[in-house]
Amino acid sequence: MRDTQLFQLALGINSPWFVAASDFDAEKKRLDIEIDFKSGARFSCPDCKAADCPVHDTAKKTWRHLDFFQHQAFLHARTPRIDCSTCGVRQVEVPWARPGSGFTLLFEALSMTLIMHMPVAAVARLLDVHDTRLWRVVHHYVETALAEMDLCALTRVCIDETAAKRGHNYISLFVDIDARRVVFIADGRGASTVAKFADHVDAHNSDASRIKEVCIDMSGAYIAGVTENLTEAEITFDKFHVMKLIGDAVDKVRRAEVKSRPELKGSRYLWLKNDQNLSAEQKAARTSLAAANLKTGRAWAMRLTFQDIYKEPSRGWAALMFDRWCSWARRSRLEPMKDLAATLFRHRDGILAWFDSHIANGLIEGINSLVQAAKAKARGYRTIRNLKAITYLVAGKLDLKLPT
Ligand SMILES: [Zn+2]
């Protein structure tokens, strides 16, 4: 068998295309394969699909293909433009590559598979191509898959923000709680992110009124966004955010008290961590501080009591304990706890909604850690657009329809 025949079989190309020549240069470590079409061949119109259109002219093109053993491989072909009697002059698509791409479909599939597991920069080094060319491939596949995303089954959503870059850029992640995947990413963390999400749902075989449950933190922006745009959704305030607010209030009490009670210095974590996360020594230190009639000790006891509310068997019981807790905190003569009680009471329904919905942003935290890991691996995403594409790729469970 001649090498041209072998390559033709291996590439899987069919008439009128054929391998005309191949050139292997061991020194340059590259294989070049010349593809051509039979003279007089006619092609179908890419637009109206009319068959047998005559060739108008041709242009030389080159595509990077999968390596030939340890050597880079390139395909070359003159690509025809046809003259369609209906549409006019049109570019013919070749079967081994997407229009406009300098890579073959198989090379793109390999790149995408690697990018799902490695930083883009590392894949670029490995494949010896410039990373901006790989980013273009990433955006193509991600955007195509996103356009076809079907959200008809989406009813429960977690919303949370994550820092896009060091500094002040944020993105908002919208996660399907049941499918455990990121379904939308918006720039910023304002109320308008939820409006954009509602539009996105409307545009993907569903409508925003199908969203019944939403889990968010107590940020006014998300509350306003959900209230205005996801009108059928009941809000559950994320219990981890609630507990974090309480922890922050306890620490405010401690910081105010540390001036008069120096033994509190450096004790921050003793009051914020749960027992199972403290060493025996830390636990002993906290027990002796807690016995010392400190304001911080009282605030800490309130935190523990609030934590226990989440163990109540029903929303009714929890509501009773919640109201009792709020009046205790209001009468505590500890300013941070009084402020906190006012805040929590304003958000009472959404906090208690947890007892029906049982949704929390723990899932999004898991997705967040995927995103953080991807960020760390890709060191310097350059643009938020790139970060969003990688996030969809690692956490979106997209159907990329990669060529095989
Ligand atoms: Zn046509």
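**View 1. A right-handed β-α-β unit built from β9, α6 and β10.** In this predicted model, strand β9, helix α6 (residues 220–229) and strand β10 together form a β-α-β unit that is right-handed. Strands β9 and β10 (residues 234–237) run parallel and are joined by 4 bridges, and within this pairing Ile216 stands opposite Phe237 of β10.

**View 2. Strand β9 and its pairing with β6.** Strand β9 also pairs with strand β6 (residues 156–163), again in the parallel sense, and this pairing extends over 3 bridges. Here Arg156 is the residue that stands opposite Glu213 in β9.

View 3. The zinc ion has as its protein donors the SG atoms of Cys45, Cys48, Cys84 and Cys87, which lie 2.2 to 2.3 Å from the ion. The angles among the 4 donor atoms are 102 to 113 degrees, and the site is tetrahedral. For orientation, the ideal angle for four tetrahedral donors at a metal is 109.5 degrees. Followed along the chain, the donors of the zinc ion show the spacing C-x2-C-x35-C-x2-C. Cys45 belongs to the loop between β2 (30–37) and β3 (55–68), whereas Cys84 belongs to strand β4 (residues 71–84), so this pair ties together parts of the chain that are 39 residues apart in sequence. Cys45 is buried, with a relative accessible area of 2%, and Cys84 is likewise buried, with a relative accessible area of 2%.

View 4. Helix α3 (residues 120–127) has Val120, Ala122, Val123, Ala124 and Leu127 as its buried residues. Just after the end of α3 comes Asp128, whose backbone takes a positive phi of about 60 degrees.

View 5. Thr4 is a residue of helix α1, which covers residues 3–11. Thr4 has a relative accessible area of 7%, and it therefore counts as buried, a term used for values under 20%. When residues up to four places away in sequence are left aside, Thr4 touches Val19, Ala20, Ala21 and Ser22.

Key:
Residues numbered from 1 in each chain as written. Predicted model: local features only at pLDDT ≥ 70, side-chain atom pairs only at ≥ 80, totals over all residues. Heavy atoms only, no water. Donors = N, O, S within 2.8 Å, 3.2 Å for Na, K, Ca; no water. Tetrahedral: all angles 85-135°; square planar, octahedral: opposite > 155°, others 65-115°. Helix = DSSP H or I, 4+ residues; strand = E, 2+ residues; numbered from the N terminus. Buried < 20%, exposed > 50% of the residue type's maximum accessible area, 1.4 Å probe, protein only. Contact = heavy atoms within 4.5 Å. Pairing = 2+ DSSP bridges. Right-handed = clockwise from strand over helix to strand, strands pointing away.
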